[in-house]
Each structure stands twice: as structure tokens, then as C-alpha cells.
Amino acid sequence: MPSTAPKKADVLIVGGGPVGSLIGYQLLRNGCKPFIIDQDDKKNAPIYGRACTLWPRALELFDQLGLGDDLLSLGVASKTGINFKDGVAHQGGLVFGHRMDRNGDTNWNFSLHLRQRHTERVIEAAINELDHEIHGLTRLEGWKEDEQAEYPITCTLRDLQTDQVFEVQTKFVVGADGGKSFVRKSAGINFIGEHSGAEWIRMDALVETDMPSPRALNSVMSASHGLVLFCPIDEGRTRIGYVWNEELQKKYGPGGATLEVAKEEAKKALHPFKLEFKAVDWFTLYGIGQRIASTFMKGRIILAGDACHTHSSGSAQGLNTGTFDAVNLAWKLSLHLRGLAPIELVQSYDEERKAKVQQVIDNDLIIATLISGKLPPKFHGRKESPRDILTEWFENASTVAFTLGIGISYPPSNYVNLSSAGSLPITTIQAGDRSPDVKVSRIATNEQVRFQKLIPNNGRFNIVIFTGNPTLTLPALKMLEAGFTQLKSRFPAKKLFSFLTIISGEGIGAAEYLGTKPVGTAYFDPFRGAHEVYGIDPTRGAIVVFRPDGYVGRVVQLTDVITLGEYFARFLIEGAGDICC
């Protein structure tokens, strides 16, 4: 076997793309030992094509993993764009990417455009910093299972450089190996859906154009080529996309979409704007379809990213959805591998993610059909043109929030979330919601600090005390230490919990202002902005538990701190040690 290959690993991750590598990076950060393989030569992989857009929520998740700045260093940020029709600005197009500055509860109020290989390199560099690497030119050829063994799965792998076959024992296999996933097929997991018959062109090129604001996220309503994408990407390039409609398919025939043809049709698609190609890095013609795996987890086999869902690039959801998969899965899997949580926590990945991916699939079926100039069944009988209905769809507020990721939430009550249904509301934010980003103030220095920076994704739950008005909540604040002492006696707190106190108001010291010692690190909320965004009753305050992935798990009153132990006992193992690090 290769000298760098382990005989045993906590997880075998098949696929070293952005989703597989992001899962591996998080597992390493959390103290686990993954073995990440890819059948391609990742070290020498060229930069071309594939996903190129990250929306605000995905960027928040990368940032909470410490990767945001590196992505910003390579990408192109866009806060707005213009949709054109007949050479003038026109309502419609990719409106979810226009005026993104209006998304007030995120610091990442823009889209970031960079080709997928750049994103992969950022994650790979972070993995290397943890003294690990992605093992390219390594292929999974099969596995056998023995549930009684400490490492229940024995995988057969092949080193494609030497043709040597070797085995690695593992506890889980994660298939992040793309739409044609060997892992999914070998596990006998159905891939439900179909191709629509529509085809689109995508190309990355260095171009010159007289289109206004060409380095914004623009689109063109073309009568002949559907909704045309004109998106800035890294290194001065532009991603251009248009519909390869039935007329073009008939005109050029099978195999007729050559590079020269694709360039000429792109020029027609952007009419009346001029378009000159200086260089073309990549182009492709691909079929449009929507598919979803029947389950994202079967026994100890787990799927993520394109291995369990594929769809069009109509609203650039592929890498974003895969990022949500990776972040939802990794903290759950690492807690289980470390002996801190039962396998049911890992299984909750399937429940939470599959429902959200199904919503992506359903939306994409509508979007892709409308972009291709046809009416989906949902809109049969409507008299407007497909592009007018597309504008209506994209302008819907809930569609915008979901597309950008900031509107994605999980059920308020499930295995890992617990709502306060049936009682008086404690906050306006609910279990399952994303954590809005707000500014709080560092004590004495008065530096403005982003709240999401204070709740990083490090595999721990962030327990945040919002004090409310301390003159009214002091009796409850004084009881917190005893309540948290009991919580810490039931669980290995240093491995599971981080504590933070957000004080409504400001003074010359946290303890002096509160009248009692704060729990964990304290920050002032001088203008009550954080309390208002989270909907905290100033007369009562609240405790908000944030899951490692930044979603709310539980909200309780200050006086109910004792109930947190029962919440965590739903999915954590009391008195557990740490068995894999």
C-alpha cells in the first residue's frame, strides 16, 4: 500500500472536490482522522469551468470555518447587476443577485465569483496546514462490511500510479464523488429524477464588450437564446451561459456545438452588445435535469454534494447546496466519532438536508424550464411569456432568501432542534433558524465585533446569554452559574460548549455593569441592536444555543437554564469521553 495511506481511518471520503475536502477539513479540525481520496490528479488539476458562485450563506459558513478571507483574496465580489433587453436595462433577470446590500443581517451581502478549482485550493491549503493531504490518483473499487468490527467497513482501493491494490478499514464512507457517484451506485441508492432534454452552453473567457458594467452579475433577455448569463469570475474572465435551444440543436446537429460555433452564438445571444473573445479557457454543452438520491445515508454509507443531488446552474445552487451538506454533516459525524453522540445524530443529516435539497430540486425544475423558454406544469394556463414569469419567480422574497441561503432554516423541532411551542415566545428567532449577523462591542476598546465571528464552527455548541436589561434580570443572571455547573457535570463541557454573554447596554466593566460575573466572554450591546435582531424581551433576557453550524438549536428563558441539560441529553452522551483524539 502507498506509504502515506493509513491502515485505518475514522472516515473514508471518496471525492476530493470542494464538498469532500470541506467535510475532511472539518473532521480534522474537530480531532478526527479522515482519509480523503480522489481518482483524479488533484495536485495538477487545471483551473476551468464548474461552479463559480458562492452566495451569502455559504460565504458565512466558510467564514465561520476560518476560510472566508482566503476566498475573498481570489474571487470577484458582486453586490448588484443589470438585466438587459434589446440593449437597455429591463426589469427581471437574476434579480436575486441585484442590490444585495439590502440583505441587512449578513456581513456577506454579495456574491463571490471564483472558479471551483480556486475554492478547492483554499480548502486543500487548510488541510495541509493540519498535516494532512488529499490522496489523488486513488480509486475506491469496493467494500465489505462487518458491523461487529471496531472499523466495520473494509475498503478496497487502487493506487492508479502503481496499480497497487490495498485495503483501508474505516467506520464510515462518505461519497462526495459527483453525479455519477460510484459510492451511490455501489450502495444501491436510487437516484430519482430525469433529464428534461434541454441543453445549455457555459464558457469561461477573456472578452471585450460594450455592455455597461460588464464586471457585475448581469443577464440579457434574448429572444433566441433564453436568459443569458454574463458573470464576472476570477483572473478577469467572464462566465457566459445561454440556452442551446431546439432550433440550435437542429441547425448544428449532434456534436455541432464546437468552440467556434459556441462563440458565434454567444455573440448573437448578447446582441445588440458587441462581444469579442480574447481567449477561451473552457466551454461545455450539458443537458439539464434534476435528480435526488432516495436517501442521503444508508447504514454507514453517506452521500453529499452532487453524489446525492444534481440540477441546473440556473440559480447557481450546486456548490452552495453542497457546502450546506458538508457543514451540516461534519459536526454531527465528528461528535459521533469522538464518542460524544449516538449515531442517530449523524442520521439527522439525512432528515435535515434531504428536505432542503428537495426544495432546491423543485425550484430548479421551474427555473430551468422558464430559462429554456417553456412553461413548467405549475404555470400551465398562464398567458405571460416564460421570461416574465421567471422575473415574477425570482422577485419573490422567499425565493430570493432561499436562493441566497440566508432564508434556509431547519425544522424547529426534530432530533437536534427543540422549539418552545405551546409556551409564551421568548425570542422572535426560533430553533432551526440561521444566526443573523449583528455588531456588538468589545469591552473598554469599544471595537465593533461581528457576532458570527464570536460563534465559530469549531465543533462546539455556543451557549449565548442575552442579558436583557440587567436591572430587571439580575436575579436570574445570578442563578446561571449554578445552572451551568450542573450542565457541565453531566457532559464533557470543554469539548462540547463555549459560553458568551451579550450585555444589553454598556459600562466600564462587565461584572460591575451586570452586578454579577458574566458567563464566558462578555461583550456589550450598547444600542441593543443584537437584542432587537434576535427579538429578546429586555425584561426577561434569554439563553440561545447555537449548533456548531451556526443554526439555533434551543432558546430558553434565563430562569430555565436547568432545562438545557435535558435538551442536550436528547442527542449527546452523558459523561462521554473523547475516543478518537
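How many residues of strand β15 are buried? The strand is mostly covered, and 6 of its 6 residues are buried. Buried here means under 20% relative accessible area, exposed means over 50%, and partly exposed lies in between, with a 1.4 Å probe and protein chains only.

Good morning. Before I continue, a word on the source. This is a predicted model, with residues numbered from 1 along each chain as its sequence is written; local features need pLDDT of at least 70, side-chain atom pairs count only at pLDDT 80 or more, and totals for chains, interfaces and linings use all residues. Side-chain values use heavy atoms, and hydrogens and water are left out.

I also need names for the elements. Helices (H or I, at least four residues) and strands (E, at least two) are DSSP runs, numbered from the N terminus.

Let us return to β15. From this strand, Thr238, Ile240 and Tyr242 point one way, while Arg239, Gly241 and Val243 point the other way.

Which strands pair with β15? Strand β12 is joined to β15 by 6 bridges, and the two run antiparallel. Two strands are said to pair if DSSP finds at least two bridges between them. Ala205 has Thr238 in β15 as its bridge partner. Strand β14 is also antiparallel to β15, with 4 bridges between them, and Cys231 stands opposite Arg239 in β15. β14 and β15 form a hairpin with 5 residues between the strands, in which Glu235 takes a positive phi near 60°.

These strands belong to an open sheet of 8 strands, in the order β6-β5-β13-β14-β15-β12-β16-β19, with mixed pairing. At the edges stand β6 (88-89) and β19 (309-310); each has a single partner strand, so one side of each is left without a neighbour in the sheet. An example of parallel pairing is strand β5 (residues 83-85) with strand β13 (residues 218-222), over 3 bridges. There, Lys85 has Met221 in β13 as its bridge partner.

Two helices lie across this sheet. Helix α9 (residues 343-371) lies across β12 (191-209), β14 (226-232), β15 (238-243), β16 (275-293) and β19, and runs at about 125° to β16. Helix α10 (residues 386-395) lies across β5, β13 and β14, at about 150° to β13. For these angles, axes are lines fitted to C-alpha atoms, for helices over the stretch in contact, and angles run from 0 to 180 degrees between N-to-C directions. Contact means heavy atoms within 4.5 Å.

A second open sheet has 3 strands in the order β3-β7-β4, with antiparallel pairing. Its edge strands are β3 (53-54) and β4 (76-78), each pairing on one side only. Between β4 and strand β7 (residues 111-113) there are 3 bridges, and Ala77 has Leu112 in β7 as its bridge partner.

Next, a hairpin. Strand β25 (residues 542-546) pairs with β26 in the antiparallel sense over 4 bridges, and Ile543 has Val556 in β26 as its bridge partner. The hairpin has 5 residues between its strands, and Gly550 in the turn has a positive phi of about 85°. Strand β26 (residues 552-556) is mostly covered, with 5 of its 5 residues buried.

I turn now to a helix, α13 (residues 470-478). Which of its residues are buried? They are Pro470, Thr473, Ala476 and Leu477. Seen down the axis of α13, they fall within an arc of 115°, so they line one face of the helix; the arc is that of the directions from the helix axis to the C-beta atoms. The buried residues pack against β22 (461-466), α14 (480-490), β23 (497-504) and α16 (510-514).

Another exposed residue is Glu129, with a relative accessible area of 67%. Its place is in helix α4 (residues 116-129). Glu129 and Tyr25 are 104 residues apart in sequence, yet 9.9 Å apart in space, C-alpha to C-alpha.

Finally, the cysteines. How many disulfides does a search of the whole structure find? It finds 0, where a disulfide is a pair of cysteine sulfur atoms within 2.5 Å. Cys155 is buried, at 0% relative accessible area. The closest cysteine sulfur to that of Cys155 is in Cys32, 17 Å away, which is too far for a bond. Cys32 is also buried, with a relative accessible area of 4%. Thank you.
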